[in-house]
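I opened the model to look up a few local features. My notes follow in the order I checked them.

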Amino acid sequence: MYFQVLCTVVGGLGIFLLGMDNMSSGMQKIAGPRLKKILATLTTNRILGIFTGIMITALVQSSSVSTVMTIGFVNASLLTLKQALGIILGANIGTTITGWLLAMNIGKYGLPIVGLAAILLMFKKEDKVRVRLMTLMGFGFIFLGLQLMSDGLRPLRELPEFVELFKAFRADTYLGVIKVALIGAAITGIVQSSAATLGITITLASQGLIDYPSAVALVLGENVGTTVTALLASIGASANAKRAAYAHTLINIIGVAWVTAIFPYYLFGLENILDPDHHVGAAIASAHTCFNICNVILMIPFVGVLDKFLQRIVPSDGNIEEDEVKVTKLSSMGKMLPTVIIDQTKNEVLTMGKYIKHIFFRLEELYEDPDKIAVNVVEINQVEDKLDLYEKEINNINYALLNRTLDQEYIEKTRRNLLVCDEYETISDYIGRIGDSIEKLQEHNIVIEGFRVEILQSLNDKIVKFFQHIHQGYESKEMKYFSDGIDEYNEIKNFCKTKRKEHFKDSTENIIPSRLNTEFSDIINYYQRAADHIYNIIEYYMKL
């Protein structure tokens, strides 16, 4: 019998966890496009921040996801610490919705839901429909898993040794409440899912293996254990991101501290709201909701105080070199929603484009004023080095994103961002080479003048306009820029070919320094190669 119980409970738990994962990831994909709009409405108003946290957590069905995502936004300087505190408070309320779903006594419908979703999944090819069906299947797995765990644990009620074992963990004294809460925190910290431990708690209480006060004490501990995920996400993050993670833990610890201090009175109040003898699952979900709502109401007036306290206990980042190495806002977004990473990546690539336009203009200045060569070439090389770091950070986060299970739409957007990023970095390399060639000529007291400087000025102007048009096409997704860009590219190729011939003709008819002959030819080639890499972007978009 023991083996059968073990198999049923472990199998039920596995199916339950699989369902939670499917449901959470599915809800994230469905809610992802709305998330940015929700965050865009966020202001410094803490009440609005709380409602934002509730909405985000309700959409993605995971407080861990919303808090980790919030920490990522803080680390990327997209949110202030005070705004993050409001979202975290709201996330604690939003996560209680999961408890009510678990408390619904619909385990018998779990298998039909899974079966129906699986059958429909076989015949549906559209990604959006498949995501919704996988989410529905996740719901079915949750209820099926709970039903299996409940059935598996039922025989244990008749075994005296197991009854005595569970009696050892009773919340009938203050120390007993603390002990049970610590157990709930430890288990949740290990599995990193408060929903999973809440489901187990409801199942144990439903089978009479633990009483209602012990179940409430476990729920209190689970609220602390769930903060482990956010703490792990803050490792290596900025000081503000660490403060947000510590705030999440501190808020829940404070809540557990005051509730355990008045635990008998808290239970009395809960039992007047919902009788646990009538429906223990709903009563546990009610305890979870009441705890978080009361704690948020208590903490709202102290958000400013908590902000200042965390500013004091967590010192600001002191490693300047480390801050300089991180050039993008993508460094801690690994666990965030794909849409958030993709949108932020595009913003970073657009920033790379601004840098490229800037150093193109610095080249233009070299032709107009040779006295600026030394200073401008140094700046061009510094920007080129910075864009190398941009490419590295963008590649790291986006290749990690591609290793996750993504919809085809997200895969295409990620690849598009990576391709443009790679081409932009290569274009900056050629701009750097052009600057180096001009500086070498100056070191040998050779000045580009006459028709040659006019050629380079004209070529630089043509490629700047060409780049700006394609950059606008990448930003706006308007195909007109790419189709028009083909003519611009062909014009630049013909221009380079014609002017190269003029240069060689003059070098045969007149005596010019051999270094000028070589370096000028190289500069024309570098401009041509830069245009080739801009054209690579056109080719990619025209194939879509």
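I found Lys477 in the loop between helix 21 and helix 22 (479–509); helices are DSSP runs of H or I with at least four residues, numbered from the N terminus. Lys477 is not a glycine, yet its phi is positive, about 65 degrees. Most residues other than glycine have a negative phi. Lys477 is partly exposed, at 49% relative accessible area (buried is under 20%, exposed over 50%, partly exposed in between, with a 1.4 Å probe and protein chains only).

This is a predicted model, where local features need pLDDT of at least 70, side-chain atom pairs count only at pLDDT 80 or more, and totals for chains, interfaces and linings use all residues. Residues are numbered from 1 along each chain as its sequence is written, and side-chain values use heavy atoms, leaving out hydrogens and water.

Next I checked Asn445. It sits in the loop between helix 20 (408–443) and helix 21 (451–476). Asn445 is exposed, at 71% relative accessible area.

Then I looked at residues 280–306. The unreviewed UniProt entry lists them as a transmembrane region; such annotations may be inferred rather than shown by experiment. I read 89% helix and 0% strand there, with end C-alpha atoms 35 Å apart.

Terms used: Helix = DSSP H or I, 4+ residues; strand = E, 2+ residues; numbered from the N terminus.
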